[in-house]
Amino acid sequence: MGKTSGGRAILPAQSLQTLIDVVHSQGYRLIGPTLEDNAIVYDDLENVENLPLGISDRQSPGNYRLEDDPSAGYFAHVVGPHSWKRFLFPAAQKLWSATRVDQGFSIQTPEDETKLAFIGVRACEIKALQMQDRVFSQGPFTDNGYGEKRQNCLIIAVNCSRAADTCFCSSMDAGPRVTEGFDLALTELQQGRHDFLIETGSANGEALLKELVTRKAEDQDFAEADAQLAATEASIQRRMPSNIPEVLERHLQDEHWQTIESRCLNCSNCTLVCPTCFCSTVEDTTDLTGQHAERWRYWDSCFNTDFSYIHGGSIRQSGAARYRQWITHKLSYWHKQFGTSGCTGCGRCITWCPVGIDITEEAATFCEIDKRS
């Protein structure tokens, strides 16, 4: 084995720590999947032992469980309750602070020069990052803090070796194979051995690969990776109807919204776990002396009654109206606003809904209603 000049190569699993060490040596804060509170979450990674080796998950509407599986690799799990947006668009973020001085106020804007590296990013999550880019960086109004973090972000993606029961990324053109938006992409191969097929997707990825001791990828490696991804895609049963944007627009007043309301708890779980939702609120605080003030931005949700509060009342007072706002914005109006759907098919909203409301099932129901009308 030797150092690879670029393109594709095989990294033995026992050399995965080397990849982690090289990323740290380049000044990145490395974040990846790890086990906490009986869930796979994203947190700081210092060494390979932090990764959930030998752990798989089972997901269904309203249900998430981890399982010990000695045959499972480092990335045998599917997506959990966290999404990468929590590091680029934090749930609580100080926008600025002001301190009284002799002549008015001195304004301080927080600066964070930490370079972020994400490992274990799935295809649906890269799609979500690209959607967030449209919201925060590519429109007429930009979020400088987001843009700076995203520009310096290193993406080490992972092709999915299995799909959860709640996944529907293939019908959203968002997986399970990683095709763009990455620096390095890993495919975990476990047929009688434990290796990673590495593919580069950028100049940064090429440079990183040169620092690793690898071997040349052979035809059988590519064949195994392709077969694994084909099996993963074939296992995905859920689908999002392609005509759902137009269907929802035609049925904004349908009585089925009340049927959904009878089940929905308005807990906002679906928006909190969603990798693309970006609703927020701003809060100003002042200390008791009046000498210091701060402005903070917090995640919010269209399921909260106060979110649509304007001049003495909430526009969307019923649960039906709030669910309709979420699903129509996500699946219909995003197309007009950002040129794409706001959904990547990750399935988190299905898994983490306490009552198991299935967005694909509701979409299919509206399509049936549309056929009958």
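Is D112 buried, exposed or partly exposed, and what is its relative accessible area?

1. D112 is partly exposed, with a relative accessible area of 44%; buried means under 20%, exposed over 50%, and partly exposed in between (1.4 Å probe, protein chains only). D112 is located in the loop that links β8 (104–108) to β9 (115–121), where strands (E, at least two residues) and helices (H or I, at least four) are DSSP runs numbered from the N terminus.

2. The model is predicted: local features need pLDDT of at least 70, side-chain atom pairs count only at pLDDT 80 or more, and totals for chains, interfaces and linings use all residues. Residues are numbered from 1 along each chain as its sequence is written, and side-chain values use heavy atoms, with hydrogens and water left out.

3. F182 belongs to the loop between β10 (154–158) and β11 (184–189). F182 is buried, at 11% relative accessible area. Beyond its neighbours within four places in sequence, F182 contacts I126, I155, A157, E199, T200, G201 and S202, contact being heavy atoms within 4.5 Å. P110 lies 72 residues from F182 along the chain, and their C-alpha atoms are 28 Å apart.

4. P176 is also placed in the loop between β10 and β11. The peptide bond from G175 to P176 is cis, with omega near 5°.

5. N38, in the loop between β3 (28–36) and β4 (39–44), has a positive phi of about 60° and is exposed at 67% relative accessibility. N266, in the loop between α8 (256–261) and α9 (269–273), has a positive phi near 55°. Most residues other than glycine have a negative phi, and most peptide bonds are trans.
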